[in-house]
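Student: I would like to go through the terms used for this structure and see what each rests on. Can we start with the pairing of strands?

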Amino acid sequence: MTVSPLNPSLRAILTATHGDPFAVLGPHIEEGRLVIRTFQPRATAVRVAIGGQAPTVQEMTVRHPDGLFEAVLPGVTAIVPYRLEVTWRDSGEQVTIDDPYRFGLLLGDLDLYLMGEGRHQELHRALGAHPTVIDGVAGTRFAVWAPNASRVSVVGDWNGWDGRIQPMRQRLPQGVWELFVPGVGAGARYKFELVAAAGGPPFLKADPCASAAEVPPATASIVCADSVFEWQDGEWIADRVRHREGLDRPLSIYEVHLGSWARGADGAFLSYQDLATRLIAHVQQLGFTHVELLPVLEFPYDGSWGYQVTGFFAPTSRFGTPDDFRAFVDALHRAGIGVILDWVPGHFPKDAHGLASFDGTSLYEHADPRQGEHRDWGTLIFNYGRNEVRNFLTASALAWIEDFHLDGLRVDAVASMLYLDYSRNEGEWVPNAFGGRENLDAVSFLQQLNALVHERHPGVVTIAEESTAWPGVSRPVHLGGLGFTYKWNMGWMHDILTYMSKDAIHRRWEHTHLTFSMLYAYNENFILPFSHDEVVHGKRSLIDKMPGDSWQKAANLRALYGYMFTHPGKKLLFQGCEFGQWREWNHAESLPWFLLEHTPHDGLLRFVGDIAHLYRREPALFERDYDHTGFQWIDCNDNENSVITFIRRAATPADFLVVLMNFTPVPRERYVVGVPVPGRYDEILNSDAAAYGGTNLGNGGQVCTIAEPAHGHAQSLSVTLPPLSCVVLKPAP
């Protein structure tokens, strides 16, 4: 076989170094004739078939034995439809395929313009992998942003993961690469093979905008068909929109790690469907309004709990498909339960298949490790000042809300985003343009994110885990704030756990830990969190933090939850804490549900359910969470008895509750409490009830006022305060 010499352009196809494969491969009119070229390194012969029902077939010439074939059609002066008949070397099988290089441009000018501006809010619909039909041919359209790569190819099972076969077309100046691959459909595994502009060997990356991925530890992206799921939660969504942010509505969140909440008998993960069935029953029993999922964005390492994300648009395949996750959310909505997602824009892992050095350069992260690396976590920091990176993150957030109907996003580690010197020593960080420590790009990004979410999706909430005193975290953007709906009250959480960990005899000296939170309670729209972070890494479980014997530990924990549910602010409780699991949380094991066969765990669960339902029934406990008129101390100074008493009021001031907290194991008989109005007060909750594992000490269900002034009120109550208890009284109608 005689092979004619190759020009540099053709040789670049063989070496997979050509920057524009469409200039060589596919159909071209050259010197008044149609020339068709294809690179098929696994083929022994290729024929071109022109026409429809009775095509004209012509053998293609072997231009190079490595797989470069060419057909010259002298009588054809226009580009016409054709197919390729390929004979495979390994099997001798002959197949007919469509040539990816005969199809035109895929992305529109508007898509590219919006990407360059950083304003393409449906980025994952333009980039990524999308099954489609072009000119009657079914296949998948691939696109990826990699502006600094010299070559990008799509590889998968269909082409033997050979990056030479299907190099992509680059669209300048945005640096997006695209290719339509006929015959590839839903379920196909794929990655992108890239070559850096600086040279070096090719490397593989998963698709940043993939809709699905392989079950870890495998790392390939999966072509995902358009969703066919039929949502049935229209009533829920309409109600969400109607109530907007819902600051005056109850919000109690049950925080869940799906991989460890419950597992199968063999220790395997449950499916999204099984999780929905079991979780709905449990959450309805408890009375929580929402669940918050630790990250279910695809992640490679179980031990990261989902916080090291590689798939910002893909629900983890550990529990099922994207439509399975949609069905999970839909089922919870139809059961009256909202779904909040823990979303992670603060950092990303260094896994080779992920975003790190994506195109051979620091594309998503800062190049300078003083700005681009969290050394404590071994992760990288997004470059929030780059339009395309901000676009990627905001589009991810919106996709979870729009495509999966989520009711809120909890943003992890906001403090690490806001401060350039976060967890860094002197000389390890770069000041901003004004010499300060604030990350101005991150501030701008968070404001943009929150403004977009609230504008496009009224009723969806955003929640900041922010551990410093940064001002205005939950203040609207137009008033100079970051724009979150809520902020976790980390100060209250640390104070109250410090207090509760002390032996009761010493609590008189720690009394300000109980009361200090009310000095700043209205600075932000706070959520009171007992999260997963408080029951890991040697911190012990909540019940094990409590002092005393096993009875006192359980009683202390009931009192703690009583204070959380009656204190101003929305509520959050991590899985397992509702029944007092003794060991720390382990992400690799199911919760110890067998404990519910025993007291005090069953009683604690019953108490959490009762107080969570009470919280939802009583407007005084939620309507004025962020208005100082909703809370009034009766007595916050009785440190000698470790007792606090206060009033919670609804929007209607006459609708109020009296809350009595005794943080010692000593019962207080004939304890005098001033109250606003005379009459009978019903005891609507007593954490010391026998049903909860308590001593059943109390006030016989009700107590009446006496005409003796106390605490600035004209009348008072003489009550019994059970040991280590929370008692809630309500004026009788």
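Tutor: Two strands pair if DSSP finds at least two bridges between them. Strands (E, at least two residues) and helices (H or I, at least four) are DSSP runs, numbered from the N terminus. The model is a predicted one: local features need pLDDT of at least 70, side-chain atom pairs count only at pLDDT 80 or more, and totals for chains, interfaces and linings use all residues. Residues are numbered from 1 along each chain as its sequence is written, and side-chain values use heavy atoms, with hydrogens and water left out.

Student: What makes strand β5 (residues 61–64) and β6 a pair?

Tutor: They have 3 bridges in the antiparallel sense, and at least two are required, so they pair. V62 has F69 in β6 as its bridge partner. The two strands form a hairpin with 3 residues between them, where G67 in the turn has a positive phi of about 125°.

Student: Which sense, parallel or antiparallel, do strand β2 (residues 33–39) and β6 take?

Tutor: They run antiparallel, joined by 6 bridges. In this pairing I36 stands opposite A71 in β6.

Student: Why is strand β6 (residues 68–73) called mostly covered?

Tutor: Buried means under 20% relative accessible area (exposed is over 50%, partly exposed in between; 1.4 Å probe, protein chains only). In β6, 5 of its 6 residues are buried, so the strand is called mostly covered.

Student: What makes β4 (56–59) and β8 edge strands?

Tutor: The open sheet has 4 strands in the order β4-β3-β7-β8, with antiparallel pairing. β4 and β8 each pair on one side only. Within the sheet, strand β7 (residues 82–88) and strand β8 (residues 94–97) have 4 bridges, and V86 has V95 in β8 as its bridge partner.

Student: How do you know that the length of helix α15 (residues 550–566) is close to what is expected?

Tutor: The expected span is 1.5 Å times one less than the number of residues. α15 has 17 residues, and its span from first C-alpha to last is 25 Å, close to the expected 24 Å. Of its 17 residues, 14 are buried.

Student: Why are helix α9 (residues 387–404) and helix α11 (residues 440–456) called roughly parallel?

Tutor: Axes are lines fitted to C-alpha atoms, for helices over the stretch in contact, and angles run from 0 to 180 degrees between N-to-C directions. α9 and α11 pack at about 30°, with their axes 10 Å apart. Angles under 35 degrees count as roughly parallel (over 145 roughly antiparallel, 65 to 115 roughly perpendicular, the rest oblique), so α9 is roughly parallel to α11.
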